[in-house]
Amino acid sequence: MRIYSVGGFVRDMLLRREGFDIPEKGDRDWVVVGATPELMLEKGFTPVGTDFPVFLHPVTHEEYALARTERKTAPGYHGFVFHADPTVTLEEDLRRRDLTINAIAMDENGKLTDPYNGRGDITRRVLRHVSEAFEEDPVRILRIARFAARFPTFTIADETMALMRHMVESGETDALVAERVWAEWSRAMAAVAPVRFLDTLIECGLWDRLLADLPMPDQTMRETLQRAAEASLSAESLIALLFTRCSSQRVVTSLCRAFRMPSKTAQLCSVFYITSPVFAHCHNAESVAQLLERADALRRPERMKTMIRMAEIQDNRAYPALTRALAAWCSLDAGRVVKTVKNPRDIPAAIRTARLATITDIAFDED
């Protein structure tokens with residue numbers, strides 16, 4: 001029984017040696033060679049796998065998977081049969097992995113096993129598939145696009161891009177499900193170069209399969225998304241910025257539903273699509289009040305703060321007066337206003353007038 005650290009932990013360790021600023025993670029993935037499920041249970045491990053044997057360490061609770069091979073039996077990424085027994089070698093286990101930089105193992109003494117020259121590809125800054133098994137899982141296209149966004153100095157090997165195009169053309173990617181697409185997409189939008197994720201989908205042809213209703217990003221949008229990434233805006237904010245190029249709110253709603261986005265994300269996309277053209281035209285208290293009302297700023301002040309920042313990124317200008325107006329709008333003591341109104345039917349108008357008064361003296365033209 002031999003135990004190896006594999007995957008992201010080893011990859012990131014080697015990247016740090018190459019000068020990449022990558023934080024160390026406490027948890028790792030492990031592969032166990034030469035063991036059986038019975039032996040793992042004897043050593044106190046807890047089984048958690050259903051499709052293949054995965055166990056939790058009795059102390060660290062990290063995942064330990066028995067070395068395995070896999071065979072494609074149906075379209076998509078569910079159609080696999082896994083084989084795990086003590087005869088499966090470490091090299092066979094690594095061969096089923098997606099990229100050479102992820103197919104490196106390290107033993108307890110720090111010795112590396114690198115049968116597919118992942119270290120060489122790290123040095124050359126290349127994202128390269130390990131074997132033809134890459135094309136058996138369409139999610140791997142999204143993963144490699146996300147890696148391109150995370151590591152912008154890396155290029156995708158020509159043969160790997162050709163394989164990705166073939167997967168799209170053959171219909172293999174038609175088996176992708178919304179949850180997996182959203183998981184990779186949202187993570188990529190939080191990367192240092194999110195546009196590279198989109199460009200990779202465009203280059204391999206997957207954009208037309210997944211996002212045909214969304215216009216491809218032009219240069220202005222590319223610059224907007226990069227500014228947003230550099231300003232550390234959330235992934236959801238970047239997607240909402242991207243969706244401002246949709247042809248209608250109906251398309252925005254349709255895309256959010258198609259990818260089963262969280263309701264908070266869908267609402268941000270929808271509200272910002274409606275309000276984004278308005279920010280640059282708020283030159284007086286009344287126009288600002290209408291924007292705040294339309295954005296439901298009173299009930300969602302944090303979302304409004306986010307949208308002001310998004311508008312600043314989109315328009316490449318600052319809106320400090322809007323931020324002050326939001327604070328004033330939300331700070332009104334409505335209870336005091338209610339006490340001064342005799343007719344209950346006049347309460348909404350009185351409260352709005354009072355709120356409007358709180359922002360009347362703000363100089364919005366200075367934004």
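Helices here are DSSP runs of H or I with at least four residues, numbered from the N terminus. The model is a predicted one.

Q: Which helix gives the largest share of the lining of the second largest pocket?
A: The second largest pocket holds about 220 Å³ of space, and the residues lining this pocket include Ser234, Lys264, Leu268, Arg300 and Thr306. Helix 11, helix 13 (263–275) and helix 15 are the elements that each give two or more residues to that lining. The largest share is four residues, and these come from helix 13.

Q: How many residues of the lining of the second largest pocket are nonpolar, with Leu, for instance, counted as nonpolar and Lys as charged?
A: Among the lining residues are Glu236, Lys264, Arg303 and Leu268. The lining divides into five charged residues, five polar residues and, for the nonpolar class, one.

Q: What kind of aromatic pair do tryptophan 30 and tyrosine 64 form?
A: By the ring-centre rule, the count comes to 11 aromatic pairs. For tryptophan 30 and tyrosine 64, the centres are 5.3 Å apart and the planes lie at 5°, while planes under 30 degrees apart count as stacked. This pair links strand 2 (residues 29–33) with strand 5 (residues 63–66), 34 residues apart. Because the planes of tryptophan 30 and tyrosine 64 lie at 5°, the pair is stacked.

Q: Is tryptophan 185 buried or exposed?
A: Tryptophan 185 in helix 7 pairs with phenylalanine 259, which lies in the loop between helix 12 and helix 13, and this pair is edge-to-face, with 80° between the planes. What covers the buried residues of helix 7 includes helix 5 (139–150), helix 8 (194–204) and helix 12 (249–258). Buried means under 20% relative accessible area; tryptophan 185 has 2%, so this residue is buried.

Q: Where is serine 232, a residue other than glycine with a positive phi, found?
A: The phi of serine 232 is near 65°, and its relative accessible area is 64%, so serine 232 is exposed. Serine 232 is found in the loop between helix 10 (219–230) and helix 11 (235–243).

Q: What is the relative accessible area of asparagine 316?
A: Asparagine 316 lies in the loop between helix 15 (301–315) and helix 16 (320–331), and its phi, near 55°, is a positive value in a residue other than glycine. Exposed means over 50% relative accessible area, and asparagine 316 is exposed, with a value of 55%.

How values were computed: Residues numbered from 1 in each chain as written. Predicted model: local features only at pLDDT ≥ 70, side-chain atom pairs only at ≥ 80, totals over all residues. Heavy atoms only, no water. Buried < 20%, exposed > 50% of the residue type's maximum accessible area, 1.4 Å probe, protein only. 1 Å grid on protein atoms, 1.4 Å probe; cavity = no way out; pocket = protein on both sides within 12 Å on 5 of 7 lines; lining within 4 Å. Points joined across faces, edges and corners; volume = space filled by probe spheres on them. Nonpolar A, V, L, I, M, F, W, Y, C, P; charged D, E, K, R; others polar. Contact = heavy atoms within 4.5 Å. Phe/Tyr/Trp six-rings, centres within 6.5 Å; stacked < 30°, edge-to-face > 60°.
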